[in-house]
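Me: I would like to learn how to read side-chain contacts in a model. Could we take them one kind at a time?

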Amino acid sequence: MQEKRKIAVLVGDGMGDDPVAALGGKTPLQVAKMPDIRRVAALGHVQLVQTVPDGMAPGSDVANMGLLGYHAGENYTGRAAIEAAGARIPLAADDVAYRTNLVTVGDDGTMVDYSAGDMPTEDGRALIASLDEAAAREGLKFHGGVSYRHLLVLRGGPTGLVLTPPHEISGRPVAEYLPRGEGAERLLELMELSKKVFAGHPVNAARRAAGKRPATQIWPWGAGKAMRLQPYRERYGLEGGVITAVDLVRGLAELCGLEVIRVPGATGWIDTNYAGKGQAAIECLGRSDFVYVHVEAPDECGHKGMPEAKVEAIENFSRHVVGPVWAALEAAGKPYRLLVCTDHRTPVAKRGHTADPVPFAWLDGPVGAAAAGSAAAAFDESVPVSGAIKPPLACHIVDSLLRH
Ligand SMILES: [Zn+2]
């Protein structure tokens, strides 16, 4: 039997962008020094793809599902369902999970902070535990998470509600964005209860005394019922791991039956341990067939409107992740397939995601001496759409590349 080909999928989150005036009218991918990525594009294939199915919001959850080979339109139930999987919280068939933020709403009724001052995990969990105790009833459970990010699971909870992510309404009056729709009163009641429980809570008293923002209430969003993805082993005959600093992508890994690999110093920000992620990927490929590496930093730079930092994050992704992983695959001298992609655009001018097409490259190796040569092709928003008027969905391409 022929030896199995190793497959590496390397994802820089939110690398896509629009032309930026501060970069001379070019995009970060156009100005970044990233010879390794450009060489993959030159020696392999490169084209534009659509990562987000029509009609779906360009979230990292939906887009990364596509880059893992799953059509979000057929599998996606809601962000909180993926987060529950990542936290290994089992959901029964009639359970609905809600991502639950601890937020700061000002006396004037505006959303002051969707993260309640980037609350430490210990404080956040203490508040959520008190709320869970006060709300105690059959079929209702608050689960403490990380920092300001927690989960609520409601048996038979409402699913058709209009829920607004709190990071989208910074500075706006919250009254206009409260949960709406049939059954919304179940969430509104809990939000009211949280105001009472948190008002006199010792954690908030200590935070106020220290000049920090208190959590004034909870904000539920991202509702989802239990989600199932066909495991990689069954679907592609692949065993492997996922390397990421982000809970959401860890949740997808759990749902795919892939190992969640933690790398010390992986922060999800531009100070992340890029080289450690590259090294962990090489080790993962040494013991299994597949690795998916997700680097969050370029996306965060987009959200914070920092073009130069975004260029630097892309360069570090190329130099410390793409370069070393590719070199290790070449050095092994065995058949491999390397995919380099991004999940969506996070234009620095918009500070949010868009669903416009993004570049996608793949290469079958080994390619020998060419891997260290000087070949270069564009890997950016200007590359042609391959043979079609509309870019194909990334999930179909990845699915096919993982199968054949
Ligand atoms: Zn993303």
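Predicted model: local features only at pLDDT ≥ 70, side-chain atom pairs only at ≥ 80, totals over all residues.

Me: With which residue does Lys310 form a salt bridge?

Reply: The general idea is that side chains of opposite charge can pair when their charged atoms come close. Here the partner of Lys310 is Asp17, and the closest N and O atoms are 2.8 Å apart. The two come from distant parts of the chain, 293 residues apart: Asp17 is in the loop between S1 and H1, and Lys310 is in helix H13, residues 307-332. Asp17 is buried as well, at 1% relative accessible area.

Me: How many salt bridges does the structure hold?

Reply: There are 23 salt bridges in the structure. One of them joins Arg5 to Asp364, with 4.0 Å between the closest N and O atoms. Arg5 lies in the segment before S1 and Asp364 in strand S12, so this pair ties together parts 359 residues apart in sequence.

Me: Are Arg5 and Asp364 buried or partly exposed?

Reply: A residue counts as buried under 20% relative accessible area and as exposed over 50%, with partly exposed in between. Arg5 has 27% relative accessibility, so it counts as partly exposed. Asp364 has a relative accessible area of 37% and is therefore partly exposed too.

Me: What about a salt bridge that involves Arg213?

Reply: Arg213 meets Asp113 in a salt bridge, at 2.8 Å from N to O. Arg213 is in the loop between helix H8 (202-209) and strand S7 (217-225), while Asp113 is in strand S4, so the pair ties together parts 100 residues apart in sequence. Arg213 is partly exposed at 40% relative accessibility, whereas Asp113 is buried at 8%. Some salt bridges also share partners: Arg5, Arg337 and Asp364 are joined into one network in this way.

Me: Which residues coordinate the zinc ion?

Reply: The zinc ion is coordinated by two OD atoms of Asp13, OG of Ser60, OD of Asp343 and NE2 of His344, at 2.0 to 2.6 Å. Along the chain, the donors follow the spacing D-x46-S-x282-D-H. Asp13 lies in the loop between strand S1 (6-12) and helix H1 (28-31), and His344 in the loop between strand S11 (336-341) and strand S12 (358-365), so this pair ties together parts 331 residues apart in sequence. Asp13 is buried, with 0% relative accessible area, and His344 is buried at 0%.

Me: How many aromatic pairs are found in the whole structure?

Reply: The search finds five aromatic pairs. To read one, take the distance between ring centres and the angle between planes; over 60 degrees counts as edge-to-face. Tyr114 and Tyr148 have ring centres 5.9 Å apart and planes at 80 degrees, so they form an edge-to-face pair. Tyr114 is partly exposed at 31% relative accessibility, and Tyr148 is buried at 11%. Elsewhere, ring pairs link Tyr70, Tyr232, Tyr236 and Phe290 into a cluster.

Me: Which charged residue sits over the ring of Tyr148?

Reply: Look for a charged end over the face of a ring. The charged end of Arg149 sits over the ring of Tyr148, 5.3 Å from its centre. Another case is Lys304, which lies over the face of Trp269 at 4.9 Å from the ring centre.

Terms used: Residues numbered from 1 in each chain as written. Heavy atoms only, no water. Phe/Tyr/Trp six-rings, centres within 6.5 Å; stacked < 30°, edge-to-face > 60°. Buried < 20%, exposed > 50% of the residue type's maximum accessible area, 1.4 Å probe, protein only. Lys NZ or Arg CZ within 6 Å of the ring centre and 35° of its normal. Donors = N, O, S within 2.8 Å, 3.2 Å for Na, K, Ca; no water. Helix = DSSP H or I, 4+ residues; strand = E, 2+ residues; numbered from the N terminus. Salt bridge = Lys/Arg side-chain N within 4 Å of Asp/Glu carboxyl O.
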